[in-house]
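User: I'm new to this one and would like to learn how to read it. Could you take me through it feature by feature?

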Amino acid sequence: MTFDKKREQILLAEDIGRLLDGELSEAEAAAFKDAISNVEDADQLWRDMASDNALLQSAVSAPVPDRSLTRFQSVIDREFDKRDVGPLARAQPFWSSPMVQVAAAIVLVAGTFMFTAFWMQSRMDDAVASLAAHMETERVLLAQTVQEALETRVSGEPVYIGQEGSWTDVLTPIKTYKSKSGHWCREYVRQTTFSGRDLTIQGTACRDENGTWTTVFAEPISDKFTPQRDDTGI
Amino acid sequence: MSDEALKTEMIRLLPKLRSFALRLCRNPDQADDLVQTTCERAIRSLDQFDPATRLDSWMFRILQNLYFNSVRDGANRARLFDLAMMDFEDSYDGAKAAASSLELQKVQSFIGQLDEDNREVLLKIAIEGQSYKDVAAELGVPIGTVTSRLARARLKLREFLEAKDGAQGVTLRSMPGGMS
């Protein structure tokens, strides 16, 4: 390489250096790139020097002042420490937050309560409906049994007018008399037991001309009633 | 990669990050702030880091984006982007960076052999990103001298790298029964 060639190359390298180091304005840089793009050697040198520069930059780092390094390391420590605690909280889904859990519990309880209430209500409606149907069916049969009991049985003799499962209905005529109007009347006690509970009614029924007994008076009593099996008087 | 490994790798990257930040900002204090913000940002979004990729590439990108977002001046921004991409694409992207560790060693040994005047200028400008003017003022020499020392240093590096390549080629070719 001649001296002139060497000199030329250094000048080119200086220009390329200015470009690499950002010493040229945008316009200058564009003009320079344009100028060397047609010169094969220059273009090649530009590429080589750019890649050398990058290599140099990755091979060598500027010394970091201790103060800066300490600062960076403390930031890294701090952020990683936060992360050690953080990921658990972040990794957990939103529903793990206590507030959300409380809200969910309230919704669950309220929902269960409302559903239960609705369910119970509908069950009770069903029960009442079926009970009403049952009573309506039974009423006719009972009526016949009751009529028969009042017509034929002696006072004090308990008459089972209905028995089904834990349900029993016992009617006991107590006293028979003739009213002032001339009708036969009988006092009776009707004890209905259902699942261990008692409903005792004391009533008075009177017989019309057709022989139909009709209750004219009835009131609930508690435990005054004692069957008098041996009382046969009418 | 575990957090512990990432942390170690990140600390190991600090000098490179700071050099890069220094070249972008041309101001040590700004560079420090930028590196700090980069570390914070990186660690906080570490879940987004794909361990199959390179941590250095990722962090350099974060640093670069943070810097560009902070630079308001559009023209300056375009110039810097040009500059940064030149550094960035070649040195920190993917396989090339990994493959060039032998070259990195060569460059390091070259720096050690370089004479003091040239080395000082090369490091201050190419590595630390100082301006020619500042370096000239610091060394008490004209800008022309700085420019010329820098050019000589770079040409020597070019020669050194080519000579090493050549020497290796010669060795291979001169081996008995070797490649021709």
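User: Let's start with strand pairing: how do strand 3 and strand 4 of chain A pair, and over how many bridges?

Analyst: Strands here are DSSP runs of E, at least two residues long, while helices are runs of H or I of at least four, all numbered from the N terminus. Two strands count as paired if DSSP finds at least two bridges between them. In this predicted model, strand 3 and strand 4 (residues 197-207) of chain A are antiparallel, with 10 bridges. One example to look for: A:C185 has A:C206 in strand 4 of chain A as its bridge partner. The hairpin of these two strands has 2 residues between them, and A:S195 shows a positive phi near 50°.

User: Which strand does strand 2 of chain A join, and how?

Analyst: Strand 2 (residues 167-178) of chain A is joined by 11 bridges to strand 3 (residues 184-194) of chain A, again antiparallel.

User: Where is confidence lowest and highest among the elements of chain A?

Analyst: Confidence is given as pLDDT, the predictor's score for each residue from 0 to 100. Chain A averages 80, and 86% of its residues score at least 70. Strand 1 (residues 159-164) of chain A has the lowest mean, 78, and helix 1 (residues 3-20) of chain A the highest, 87. Be careful with residues 224-234 of chain A, where pLDDT stays under 50. As for the ground rules, local features need pLDDT of at least 70 and side-chain atom pairs 80 or more, while totals for chains, interfaces and linings use all residues. Residues are numbered from 1 along each chain as its sequence is written, and chains are lettered from A and ligands numbered from 1 in the order in which they are written.

User: What is chain B built from?

Analyst: Chain B has 9 helices and 0 strands. Of its 180 residues, 31% are buried, meaning 20 or more other C-beta atoms lie within 10 Å of a residue's own, with C-beta atoms placed from the backbone (12 or fewer is exposed, in between is partly exposed).

User: Which residues touch the most other members of the largest nonpolar core?

Analyst: In soluble globular proteins, nonpolar side chains tend to be buried together. A nonpolar core is a set of buried Ala, Val, Leu, Ile, Met, Phe, Trp, Tyr and Cys residues joined through C-beta atoms within 7 Å. The largest has 52 residues, and B:L17, B:A21, B:V35 and B:L63 touch the most other members. Helix 1 of chain B gives the most, 9 residues. A second, separate core has 8 residues, including A:L171 and A:Y188.

User: How many residues does each chain give to the contact?

Analyst: Two residues are in contact if their C-beta atoms, placed from the backbone, lie within 7 Å. Chain B gives 50 residues and chain A gives 35.
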